[in-house]
Amino acid sequence: MKRIHFLAIAIFSLIFAACGDSNSTSTEQHEHFEVEGWRLYSAEWDTLYSVYRGKEDSKLPGLKVNANCMSAHIHVKFLDENKKEIAGPNDDEHSLGWDVGDSKILDIHFEGGWGFHLKGLKKGETTLILKVKHHDHADAKTPEIKVVVDKALDADKCPFQEDEDDPSTSSGTEHEHEGGNHNHEHDHE
Amino acid sequence: MSMKAEITITSTIMNSTLIRAAMGSLLLGGFLHSFAQEFIQDLGYSTVVAEQSSETILDGLREDEVLKAQKLDRKISTTIAETIKNEPDIAIRSMGPAAARPVIKGLSGSHVTLTEDGSFCGDMSATSPDHAVASEVLTAHKLRIVRGPQILSHSFATAGGVIQVEHNDIPFEIAQPQGAPTQSAAVSNIQIHGYITDYAESGQPGFATVVGVNGNIHGLSLKGELSARNMGDMQTPNGTLKNTEIKNKSIAVGAAYSFERFHLGASFRTFNSNYGIPGGFIGGHPNGVDIELSKRDLTLRGLYLPAQKSSDTLSVTFRLNQYHHTEYETKEYVGAEFAVNQENVRIEKFIAQSGPFFGIHFGGEFDIRSVEMGGYVFTPPTNSYTASLFSVASLNGWRDGLEITLSARLGGAFFRPQESIVADKDAIEDRNFALWAIAAEFSQRVAPGKFLTLNVFRTTRAPTIEELYNQGPHLAAYTYERGNHKLDAESGYGAELEFRDYGEIINWRAAVHSTWFLNYLAPRATGDTNWSQILPIYQVSGDDALLMGASASVETVAETGFYAQAGASYVCGFYQNENWSDMPQIPPFKFHGEIAYLWTHVRTGINTEFALAQNRLDRYEERTPGYATFGASLEFHWSLTLANYSIILRGDNLFNADVRNHLSRLKSVMPEKGRNVSILAKAEF
């Protein structure tokens, strides 16, 4: 009978020990960069596209590029709850990301910071969703932005000539760049 | 019931039920069956004489409705919610097949408490539609929907209910398979009982299996059980709903031992689940979300049986629960993470009879819970503490055939949120809630085999930490959720009137219920959008509301030959405002019926289920169309060489109907499971 008592105590002890490990989260909570709208500017700081609380400004020209060509630099700015323009976060945790609807029509060339180039691949229409990436996750995103890729031009006739030596240029349909702390801020009012 | 009560009924079929009613309380996981009170039954005259009953007749009748043995096997499905979906007043809140949770009388979330082996089921399924119930349905030996005043033994929310899952992890009693010849070993000091169950289906192609062994060696009882489930994406009439796979594993071990008048037991159960939440549609995550959860429960239980009256037990149960939940947006990236540590002590005294009262149980429950969050969860880490005292007692003798059950639960809930970068500092506020709920049930036998029951109650519940403090997007649920740290506790007053008739050919019951809620807490679509994430904003608010409903069920009593069964449930809810607008997430009218033929070892039947369209909608809710489905089943049950075997073949939704569940977040994207053929094979020895 003593053996049974010993066995019983041993079993209970084992069961108790089995639940001894700690249980806590392995990731920290993250604060969000909250915006109410987006505004995209051309290299000359002409407004190309603007959306505020889901409503796009239809009077603006929108995003266009010719097939075979790269657009000029497009600046990204944000709008807060008062529709006041604010810059993107200037830290290592946030970066620009995007999804292209049809990667056969459009590509994105990223130069770091809060700006990018459109690269037309084939004539047609597609969509672009821009995101504020925070680690692996989007803190903010645009609605689907229509992008028109016009007819193909010869490379030497493209309005903007791609700088092939730019080491920061990268591309992809789903951008996963982290630590994009390149500041491409331009003075403008 | 007095020391000696005589109950005369007209149906011999009632005998087994009333015998059960006359037996001891079932409140301690069936352990008290061994203290069955003396009873005499006269089958010829359908008379039961019960002595010292510790349970009302009504509770005994309710025990007949518990899903167990063949009745449970017949309904086994992917989840607990799917398995009990055709019980009266039950609906399913879901977001894919894994994240399905029962809804009772139109009430979900923390209105519905789940327990495993009598103690809390530690998971986060009540807090969000994408969170699964952390319990493998195939390992359940019984599923009981607790109704009436007994709810207050476990919860303040009497308007909702409690769903008890019994795994019998602490093997106080080693069950013998019914009908199996007694093993010769049973008369020695060693007993072994084992079971293996396999389940497979085509609607979500895959399988589930459970293997378990119970043994008793010189008074030391042991249990070991393994289960696994591996099911693929759900097949719907419109194609495959991707990212809906489920992979579950569970391990349970338990031991029980007796020292004279003390019985001690312990168990340890782990449950791991990987499941998907679909995506790729407007409002959803592009690739869906993969969720990994793990749960570990350590349970210690002690029973003391007084020498002078061994039925009057004192039990102490301690459960230590660790729950971890991670939501992955991609394979590497964590979208949300939760770590919950919870300890619960439950002390309960049972007294079979004292003065005019019988079936008395009272006790206390104390609970400490800490919740940590990681990733993109916008609720601050919070510790919460709850303490409550409860009591349930029955009496009779005032009027012939009248039994009264009274119950009460008093306590408090205390929330201590911690500072967090994700929370508004003004919202980090300690909150304390005093809670009380009472219920009184009057059950009158109005004629032989006929019972009229009125249950009146006050219901309450404290807000959850998410309802108080959450402030941000919930990507898996595709919502932006706003809590309110100023919320008061929910409360309400209600009543349920039920009639039961146990006849020679059929048994039937019908019930109507109504609850007037003061400050009904629910997340409601505001119509606003969080423009940063482009997610609809849900705000938790407390509103006065009226919830009403009815249910009815009927079944034939024959144990062989023709059998028919049908049931229907309806509920509607209104907010008190100028228009008495409809409450959200209220299930529509639903009917199910079955016709079967029963031989000794074979059962075959056809069944149907239909729901009407839900046109009663809250703001920004979408109408859900009705549906009708048809199914068939074929069962074989037999005993051979010291073992029982069952094979159950089932075909559900045979005509591949487009079924939309009004309480599913995916209803506008894809229908529910289409044509589904399943098989369950079980052996017990």
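Me: Which elements does chain A run through, from the N terminus on?
Reply: A word on conventions: residues are numbered from 1 along each chain as its sequence is written, while chains are lettered from A and ligands numbered from 1 in the order in which they are written. This is a predicted model, in which local features need pLDDT of at least 70 and side-chain atom pairs count only at pLDDT 80 or more, while totals for chains, interfaces and linings use all residues. Helices (H or I, at least four residues) and strands (E, at least two) are DSSP runs numbered from the N terminus, and chain A has one helix and 13 strands. From the N terminus on, the elements are α-β-β-β-β-β-β-β-β-β-β-β-β-β.

Me: What share of the 189 residues in chain A is buried?
Reply: A residue is buried if 20 or more other C-beta atoms, placed from the backbone, lie within 10 Å of its own, exposed if 12 or fewer do, and partly exposed in between. In chain A, with its 189 residues, the buried share is 32%.

Me: Which residues have the most contacts inside the largest nonpolar core?
Reply: A nonpolar core is a set of buried Ala, Val, Leu, Ile, Met, Phe, Trp, Tyr and Cys residues joined through C-beta atoms within 7 Å. The largest one here has 87 residues, and strand β20 (residues 334-354) of chain B gives the largest share of this core, seven residues. The residues with the most contacts inside the largest core are B:I80, B:V103 and B:I163.

Me: Where in chain B is the bridge partner of B:I145?
Reply: Two strands pair if DSSP finds at least two bridges between them. Strands β9 (residues 142-146) and β10 (residues 161-166) of chain B run antiparallel and are joined by five bridges. B:I145 has its bridge partner in β10(B), and that residue is B:I163.

Me: Which residue of the β12-β13 turn in chain B has a positive phi?
Reply: Strands β12 (residues 206-217) and β13 (residues 220-231) of chain B run antiparallel, with twelve bridges between them. B:I217 stands opposite B:L220 of β13(B). The two strands form a hairpin with two residues between them, and the turn residue with a positive phi, about 50°, is B:H218.

Me: Which element supplies the largest share of the side of chain B that touches chain A?
Reply: Two residues are in contact if their C-beta atoms, placed from the backbone, lie within 7 Å; 37 residues of chain B are in contact with 31 residues of chain A. On the chain B side, β16 (246-259), β17 (262-277), β18 (289-304), β19 (314-328), β20 and β21 (357-375) each supply at least two residues. The largest share, five residues, comes from β20(B).

Me: Why does A:H30 count as partly exposed?
Reply: A:H30 is in the loop between α1 (2-17) and β1 (37-41) of chain A. Leaving out residues up to four places away in sequence, A:H30 touches A:H134, A:H135, B:G375 and B:Y376. A:H30 counts as partly exposed because its number of C-beta neighbours inside 10 Å is 18.
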